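Subject: Handover of a structure, with notes

Dear colleague,

I am passing on the structure below and would be grateful if you could look through it alongside these notes.

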Amino acid sequence: MVVDRRRSLATGIRTTGIFVRRTLDGFDLPEHLLGPGVRDVVLYPPSRRSPIRLTSDRDEYRVADMAGIYDHAHHAAEAAGARVVLGVRYVDSSGGVVRFAGAEPVTARFIVGADGARSRVARDLGLDVNRHFIVGAELVHAIAPATTTPAFHCVLDPRVAPGYLGWVIDDGQHAHVGIAGYPKVMRAGVRHLLEDFAADAPGRAAPVGPIERRGGPIPVGGVLRRLACPAGLLVGDAAGAVSPLTAGGLDPCLRMSELAAAVAAGYLRTGDERILRQYDGNALRMRFRGRLLLRRAFAGIRSPIAAEAAVSLLRGQGGRALAKRILFGDQSFPDVNPRLADALANAGSQ
């Protein structure tokens, strides 16, 4: 049984929908729901002067129609035998009974918490919870066809996006204009700051239709340590499965969900709690140490002067190489496939 509080999966979308090349290579996403490939990233200092253009020799990003992606996943889940129930909100769980607002309670042997950065399921199961967040907000609107050249515009300006950045990217049909940062530093409020940024955001095409608003908290503390117990486990933002540096969450979500599915299936088949140990956040956190340090350094850029200096450091050969490694590399999130294989092997040996 899959429960979502939204009555329609086309509403309440929170993600930009940027899929990186690693995800595009590793997962079978519907081609017709993906925008054109993006090979250029343009980095701007607060002054917006002399931006740095980084170009890859292959498509690095594609922006998806997320309403279509969710609809595709909905039908795939039903085809696999799941019952999908919309318009029902999780309230709490205890003693194997899950209570909802909008539906009768159900008895559940195992609960998968995919309920976002501030997960209620995590608290009810006694698992770890996210404590470090940035908050993001985005405007999405239609653009006239063939009015832009595919590029990912990123503005490092702590006045509007403290600890992160502002961005403009489009999928050939819709522009995505957004900011994210630490909420305690966003004294004017994220919505007001987004309006200021969007007014002259670089690379933004004029809207030709209604404007949709997206937003929400983004965990940036790395994968949580305790992710599973005999009553359930966590996936996605609820598990902290977000790159702590880039704040990208789609690739980690898909990779960890594969492992979660294998572990859950193995445990439910055998009842062997040792299988749950395969779903261990500690091992993944060990491989995050470098990016967690870079996240702290990024968070420390609090003035326009410091941001201008940081972008200047990226102009040199070493700086450009580092930026390319972060933006075009394959290591934004640890590969969990070897651990998936271990989980399957352990489950099959019982």
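Predicted model: local features only at pLDDT ≥ 70, side-chain atom pairs only at ≥ 80, totals over all residues.

Residues are numbered from 1 along each chain as its sequence is written, and side-chain values use heavy atoms, with hydrogens and water left out.

The cavity

A cavity here is a set of points, on a 1 Å grid over the protein atoms alone, where a 1.4 Å probe fits but cannot get out, and its lining residues are those with an atom within 4 Å of a point. Grid points are joined across faces, edges and corners, and a volume is the space filled by probe spheres set on the points.

Salt bridges

A salt bridge is counted when a side-chain nitrogen of Lys or Arg lies within 4 Å of a carboxyl oxygen of Asp or Glu, and the structure holds 15 of them. One of these joins Asp59 to Arg39, with the closest N and O atoms 2.8 Å apart. Asp59 sits in the loop between strands S4 (52–55) and S5 (61–63), and Arg39 in the loop between H1 and strand S3 (40–44), so this pair ties together parts that are 20 residues apart in sequence. Asp59 is partly exposed at 33% relative accessibility, and Arg39 is partly exposed at 38%; buried means under 20% relative accessible area, exposed means over 50%, and partly exposed lies in between, with a 1.4 Å probe and protein chains only.

Another salt bridge links Asp92 and Arg99 at 2.6 Å, N to O, with Asp92 partly exposed at 25% and Arg99 partly exposed at 31%. Arg274 and Asp272 form a further one, their closest N and O atoms being 2.8 Å apart, and here Asp272 is buried, at 13% relative accessible area.

Cysteines

The count of disulfides, taken as pairs of cysteine sulfur atoms within 2.5 Å, is 0. For Cys253, the closest cysteine sulfur is that of Cys229, 19 Å away, which is too far for a bond. Cys253 is partly exposed at 28% relative accessibility, whereas Cys154 is buried at 5%.

A pocket, by contrast with a cavity, is an open set of points with protein on both sides within 12 Å along at least five of seven lines. The second largest pocket has a volume of about 480 Å³ and is lined by 24 residues, of which Arg131, His132, Phe133, Val220 and Gly221 lie nearest its centre. Strand S11 (133–142) and helix H7 (289–299) are the elements that give two or more residues to this lining, and H7 provides the largest share, 4 residues. By class, the lining of this pocket has 12 nonpolar, 4 polar and 8 charged residues.

As for S11, 9 of its 10 residues are buried, so the strand is largely enclosed by the rest of the structure. Strands pair if DSSP finds at least two bridges between them. S11 runs antiparallel to strand S15 (residues 211–219), with 9 bridges joining the two, and Val135 stands opposite Pro217 in S15. S11 also pairs in the antiparallel sense with strand S14 (residues 174–181) over 8 bridges, where the bridge partner of Ala142 is His174.

Kind regards

Methods
Nonpolar A, V, L, I, M, F, W, Y, C, P; charged D, E, K, R; others polar.
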